[in-house]
Amino acid sequence: MDYSAITVTGTSHVYIDGTEYDTEGGKGIGMTISGGVFGSGASCDAGSTRLVTLKNYGKPVKDENGIISGATRILSAIQRADRVLLKNAHIQLAGESDVANSNQTALYSLNRIGDHGDLDTLGNLGNGLVLQSGSTVILDSAAIETANLKSVDQDGNEVTLTELSTVPNTVLFGSGIVFRVSYTDLEKGEIHYGAVWGYAYMMAEDRADAYAYARAKTDTINSSDGGFCAPEGTEELAYHNVSEEYRYWQIRGNDATADRYSVLTAQTLKTDESGYGSDGYSVAAGAIELPPAEGNSSYTIQSITLPTDTGLSLVEAAKDGLGGSWKTSGGNKPSGGETVDLAGEQQKISENPQTTFGLFMETGGKVISAASASVTGANTVIGQTVTADTGDGAPSISFYLTYQNDGITVSRSLGTIVIVLQNENGAKISLNVEIVTKASRLADQTVDLYATQTGSYTGRLVIPSGESRSLRLTGVEKTGTGLTPAGGALTGHQFSVTMQPVKSQGWKTSGLMTEPFDLEGYGSAVPIGNTDSRYQAPVEFTLNNVSDFQAKPDIDQVTLTFEDGTGSARITLNIHWQESVVSDVCTMRGRQYNGQTSQGEVNISQKSAATAVFTLSSATTAGDLWLELRRGGGEAVLPAGTSLTLLGLNDFYSYKTTGTETKIGLNDFTEMWNSSRPAGNIAKGTQLTVIMDFGAVETLANGDYSLRLRNNTGADSKGADFTVNNSGAKLALSVSDGLSRGEHAVTLTIAPDSDTRFTDGAVAVLSPENGNAFPVGTVFTYGDKTYYPSGGKVYVPLEGSGAHTVSMNTEYSAGLETGEYSIKAELFPCGWNAGNIPGAVRISSAVCRVTDNPAYGLLVTLKNKERVAQAGQALLFTAEYAVLGTGADSAVIDVRVQKKNGEDYEDAGYWTANGNTIQTGDGTQELTVTVPQDLESGTYRLFFVLGDQEVPYNILIN
């Protein structure tokens, strides 16, 4: 089809004037345009001059700071015009496929604006996009092939930096990623970068990471060109010149990601068409431009996510270009790859040509498959680094889709492959590659519909282009299914399906079915609509089911018959009631990082933690899964302050609830120590561990709870069930009575009960309750370990539950205060399960009675002063003594003896003493010590012992 054929000569002008209409969403007479605005027809050209003007259409939407954040009017796109003039107009452009391309493309907000050059008929405003009188354009998709950008006031004069605040022409990137001020000379194949005349505000929403390109500007080249300014700013935004060819600006939101898009279309090619393969396997190509980077910049493949609900299968081999040769995933790694059977992979494509393909990523030469997209795959590309030679400009990555040329008989989208790259600066770029097939004729085919947890699912059938058709629905076969009328109550496996063509270029307006048709109500032939031979025409089928459905192994089938003037096709709707995404679940008390053994009935206290290990029954993606916590009969609860930890995806991820959630997507978690989120495919059999810690929850009601891991197209999952009760940890403390300077037994009895924080043990912190410190020199002993107070307290780790006795010894200190002495014990959990504890979990106190230590004084002398004695002789001594604080009426003075042997004294037992019992208090008493008979001669030392006092006395025995 020749899109450049001129069928309308002269000047065409699409003029939209909202003056005197309500375009703000008020109560006046409204004006709203659905779809897009095009300066030329969708399949031809409109002659010498093509103009589009929007005047007084829409109003800006501003945030609380007065900064533009949106517009009241939305269009899909503006394309194919020599000049687009926005005059006091404020529009948001969502994006639409290139209307001058028979194949589906990425979406563009602006495309082919001013691509015929600067015509004399365009006057001073010239070709390209013109923003006038404070207009706003919001780009939700890429803006390309826009020859120039001009910012002017109401008189057509270029807006200067100082005038910008009064003429606030604005470019806002919504989710748009690029604004390329350039056009392509199709005859020469050259790209011409255009000018930015005047100044405009440029800003980005939080999620946008965008770039704008225009011709270079230096002191000597295009020095009078304008540029951009930040909102409320007064200086020109910085830009970067790439040689003398072009310059670019980068602008990022606070939560920005760089998203890039491409579409690969598999269709039957003729022998002379680019990509045709003489071996029966053809190739579709697409390229994605990356943000500007320096030469030889490198990118690390962080994750790859493949669609899981479209049937798409990527094999381990693909061609490396439009006329390329076969490569296998065995070459993905520099070395050590697993060998791949090329013939076997080719056979897989041939056996299922509608859904099975090969995909080659040119930069670095990687074959993308289900296995290579997994971090555990033998030929994985995850974590590998690829390098693009950018030539100091904007690098691009090409993708090549290999398919069986004569096997494409159905038009459909097989979903989008998302490849996340990270550059050397840590910035992430998301490459979105959509795979579509385009058939040349209407054939029998199937459409898969899935019962969902949301209760609704929409599938799409695409009527091929190539010829115009007057389509009718002439048959509905529903025997043995649960098909019921739309809008009615549904139970069990009952469902309803409605059908409606999607308004697009592929359908002519006349005779088009405008309301959803209930398939259950079919009685006779029903007109669907007339297709435009130039475009594919989509039909959507919407399934409604009970949201809390049960899985069943058999699918329901509703078969439709479509007829046109030349024949018919049978369209089979397959309704799937899939099993839960979880095949098994293991529930455990506490934080179990490595445990996988179910503990049966799990009971925890209100400040505890529980762990669930989910085993996946099928392959899925992180973006498809979410967590729900239900209480009792099914109420969804996620109390504020709950800390969740996710393991099983090669990294640790965390999430803390705010109390407003009803469910938490796995891609809402963030990696610990950075801001990455779970992404990519998750293989069947993967075990995902979720740890729920309620330690920071202010109030957690008692009762039964169930944590569910779910996805939309599977039945409700098996739950990780546990019970919350009031059975928290308990602490009892007792302290034995004793002397001021002596030993006391401190006994702590611990019962953790359902409090999982004590799974790994506890620490007791002991301190005097009066706020003073233990006296210096106090020693605590637990088991075979000794602990000393610090800062007035002593910290003693305890092992297990039950009674623990700690010895407190003050013998070598100044002593405890006498009387009633109170000790406080604070109990803390320790180890992995302790969590973030703001203070002691339990506190207990105990009182002991402390008495003074006894006081002794002793002086002993030999009455006759003679130190020489005979064996058997009685020696008379005088003892002067003092005995206080013993609590007894009397005391005994013991006599212990040592004999001198050389230079040393050796123990010689006790000698008989008489009169050595004394009355407490102070006094003088005589006592007799008898030398044993037959005692060997020598020097002996007598020790007179009273309490802690010892008095030595040497004598000589002849």
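Is Lys319 buried or exposed, going by its relative accessibility? I looked that up before anything else. At 7% relative accessibility, Lys319 counts as buried, where buried means under 20% relative accessible area, exposed means over 50%, and partly exposed is in between (1.4 Å probe, protein chains only).

Some ground rules for my notes. This is a predicted model, in which local features need pLDDT of at least 70 and side-chain atom pairs count only at pLDDT 80 or more, while totals for chains, interfaces and linings use all residues. Residues are numbered from 1 along each chain as its sequence is written, and side-chain values use heavy atoms, with hydrogens and water left out.

**Entry: the Lys319 pair**

I went on to see what Lys319 touches. Lys319 makes a salt bridge with Asp279, and their closest N and O atoms are 2.9 Å apart. I use the term for a side-chain nitrogen of Lys or Arg within 4 Å of a carboxyl oxygen of Asp or Glu. Asp279 is partly exposed, at a relative accessible area of 38%. Lys319 belongs to strand β29 (residues 317–319) and Asp279 to the loop between β25 (258–267) and β26 (281–289), so this pair ties together parts 40 residues apart in sequence. Strands (E, at least two residues) and helices (H or I, at least four) are DSSP runs, numbered from the N terminus.

**Entry: other salt bridges**

I found a total of 29 salt bridges in the structure. One of them joins the side chains of Lys348 and Glu345, at 3.1 Å from N to O. These two sit 3 residues apart in helix α1 (residues 342–351), so about one helical turn separates them. Lys348 counts as partly exposed at 41% relative accessibility, whereas Glu345 counts as buried at 8%.

I also checked Arg708, which forms a salt bridge with Asp716; the closest N and O atoms there are 2.7 Å apart. Both Arg708 and Asp716 are buried. Through salt bridges that share partners, Glu628, Arg630, Arg708, Arg710 and Asp716 are joined into one network.

**Entry: a parallel sheet**

Next I traced an open sheet of 6 strands with parallel pairing, in the order β6-β9-β13-β16-β20-β22. I count two strands as paired if DSSP finds at least two bridges between them. At the edges I found β6 (73–75) and β22 (227–229), each with a single partner strand, so one side of each has no neighbour in the sheet. From one strand to the next, the twist averages 30 degrees; axes are lines fitted to C-alpha atoms, for helices over the stretch in contact, and angles run from 0 to 180 degrees between N-to-C directions. Strand β20 (residues 199–204) runs parallel to β22, and 3 bridges join them. Tyr199 stands opposite Gly227 in β22.

**Entry: an antiparallel sheet**

Another open sheet of 6 strands goes β46-β48-β57-β52-β53-β55, with antiparallel pairing. Its edges are β46 (582–589) and β55 (670–671); each has a single partner strand, so one side is left without a neighbour in the sheet. I followed strand β53 (residues 653–656) to β55, an antiparallel pair with 2 bridges. Ser654 has Thr670 in β55 as its bridge partner.

**Entry: strand β40**

What about β40 (residues 495–501): how many of its residues are buried? I got 6 of 7, so I noted the strand as mostly covered. β40 pairs with strand β43 (residues 537–545) in the antiparallel sense over 7 bridges, and 2 bridges join β40 to strand β41 (residues 517–518), also antiparallel. Thr498 stands opposite Thr542 in β43, and in β41 the bridge partner of Thr498 is Asp518.
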